[in-house]
Amino acid sequence: LKMFWFWFYQPLHLLMVACLCHPIKAPTTSSRQSFNTNLFNFYHSLILADGKETTVHLLKDIPKRYYFALEEGRALAPFTITVTPCDVPIEWSILVHKASASSLGKAEQGDHGTQEVSMFQKAPSMVSTIFNYKGNSVETYMGMSSHSALYMLEFLSTERDTHITVYLTTDTTSGHLYPELPMDPRIDVIGIGHTTVTLTWRHSPSVLQHRDNIQYCLLVNEKHNYKSLCAAETAIRSSGMKLPPILALSLSPYLLEPQQVMILSKSELSIINKVSSGEVRQICMGTKNTYTVPNLNPSTQYYFDVFVVNLLTNASAAYTGTFARTLEEPEPKVRELKDGKMIQVVLDGKKQKIYSLQYQARHKKIQFTFQLCRGQVRVHISKNGKAVASENISGLRYFSFKGKLLDTYLVQLSSTEESNSSVKVQVSTHFHKPLFPLLPESLKIKSFSKLRTCNSVTIAWLGTQEKSKYCVYKKRIEEQQVWTELQSADRCSGPESRPKSEKVLCKYFYDINLQRAVTTETIKGLDAGTLYLFDVYLFGPSGIPIRYHSKIVKTRKKC
């Protein structure tokens, strides 16, 4: 028997080396070889370390077994086993073999190692299952161990490859690896707003005893609750992130991934992970047990998990998770339009918000003016609750209405694109004082390919019957900038936002005959084989410019 315990407690790497160095044969008189052969026959059968958390990797449908027993000389002693699934539900059980007097006698006479390990095969009547579980919750078994009993833990995953953590301890006097949970481990929701949720939970006894080594960490996501910290980390990785152990929770000294944003403020560490299923936030707040989660989306259900983390061992315990739905976003406030005053409205394309403007007529005739600055905008106008106009606008658009004094007009604006859009809006009763200049039939700029040279290009644009000022600007760009320049251009911005070096010239012209209201300009001093972006600004009596559609022209490479 002593020889069996000698081999039983050999370092794991020596046992594995012994297994690999001897081929599988029928049992012989050599107790060492017989023991190694039987041990090898148990697939992945290993010795479970006492007092240490062990990570176990499971292959689908392949059981994995671990053994443990008390040190010789101890009669009865308590022990605990904690198993934490990190992904899918698993099956695990504890089997015990209690040796009888006769079997112990035989062990003293014959092959000591073979007798003990083969107990689970040759004496099934002596083997009993004392615990089994199936699921993905963290489970702890507490029992009493005898030096004459050999224990086996068997783990099985039937869904897919996964990993778990196992913690065995027979020392109940030196404290706990895992932080303790309170008698009531629930998280209470004490406040819900449009973009915030306030949570509170009862203090862990570990926090009260070891305040410097314990802290709370909160996990927020839109999918579901997690029963353990390793389950949360596994879920984030499986969402497409190459995620090291979570910095905020496991406190591992890893660099953040590009999909992560870290925020440190007021002694709180927050990490936002961008995953395919939305954001996963982690906030560590020290030993505070009340926290208001900010910057949430309205009318959205969130799941909240609190973990109490031991900073010395990295071990954690999970409170019972909860969930809450933020309040619906309030109806947007209606902004009042003032006669003759122009405002600019920026519309969020992602949230598809409707922006509302209201005007109460002080004259029978009024005119709305819309200037599209960026993106695509839909305009809906109603008078006294009845729709009078609805369309997508482009460029400059006027709507004129005739009604009664004190008629109420409601203007609703929305972006028709996912990107942000912006538009300028004005309502006026002074038709004789137009805010914008008289526009030509087209705002396109034309270039003449045959007149291009290596250092010059010729462009042309339409004018009007009204004498107006036109300014030409040029900008050198690269091939990869073309799409960005055309898409991001703010058509409401004037030349004052541009560097003086981009200005080419300004001139006045008009023609009573619209057929001849065309002007051309040759821009010289350009570089060969280079792309240039040209803009023309038209200024009216009020000084507000209208920007023609940008034109990109490339000079000839060889002449």
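Visitor: What makes the link between C217 and C284 a disulfide?
Guide: The rule asks for a pair of cysteine sulfur atoms within 2.5 Å. For C217 and C284 the S to S distance is 2.0 Å, so the pair counts as a disulfide. This is a predicted model, where local features need pLDDT of at least 70 and side-chain atom pairs count only at pLDDT 80 or more, while totals for chains, interfaces and linings use all residues. Residues are numbered from 1 along each chain as its sequence is written, and side-chain values use heavy atoms, without hydrogens and water.

Visitor: Which hand does the link of C217 and C284 have?
Guide: It is right-handed, with 105° about the S-S bond. Strands here are DSSP runs of E, at least two residues long, and helices are runs of H or I, at least four; both are numbered from the N terminus. Both C217 and C284 are buried, that is, under 20% relative accessible area; exposed means over 50%, and partly exposed lies in between (1.4 Å probe, protein chains only).

Visitor: Why is the disulfide of C373 and C492 called left-handed?
Guide: The torsion about its S-S bond is about -85°, so it is left-handed. C373 sits in strand β23 (residues 365-374), C492 in the loop between α10 (482-488) and β32 (503-509), so the pair joins parts 119 residues apart in sequence. The sulfur atoms are 1.8 Å apart. Both cysteines, C373 and C492, are buried.

Visitor: What makes the disulfide of C471 and C506 right-handed?
Guide: Its S-S torsion is about 110°, so the disulfide is right-handed. C471 belongs to strand β31 (residues 468-477) and C506 to strand β32, so the link ties parts 35 residues apart in sequence. The sulfur atoms of C471 and C506 stand 2.0 Å apart.

Visitor: Why is C471 counted as buried?
Guide: Its relative accessibility is 3%, so C471 falls under the buried limit. C506 has a relative accessible area of 31%, so C506 is partly exposed.

Visitor: How many disulfides are there by this rule?
Guide: The count is 5. Counting bonded cysteines along the chain, the pattern is 1-3, 2-4, 5-8, 6-10, 7-9.

Visitor: Why do β29 and β33 stand at the edges?
Guide: The open sheet of 3 strands runs β29-β30-β33, with antiparallel pairing. β29 (446-447) and β33 (518-523) each have a single partner strand, so one side of each lacks a neighbour in the sheet.

Visitor: How do you know that β29 and β30 pair?
Guide: Pairing needs at least two DSSP bridges, and 2 join β29 to β30 (residues 457-462), so the two strands pair. K446 has A460 as its bridge partner in β30.

Visitor: What makes strand β8 mostly covered?
Guide: In β8 (residues 149-156), 6 of 8 residues are buried. Strand β3 (residues 64-68) runs antiparallel to β8, with 5 bridges; strand β5 (residues 90-98) does too, with 8. Y151 is the bridge partner of F68 and of V96.
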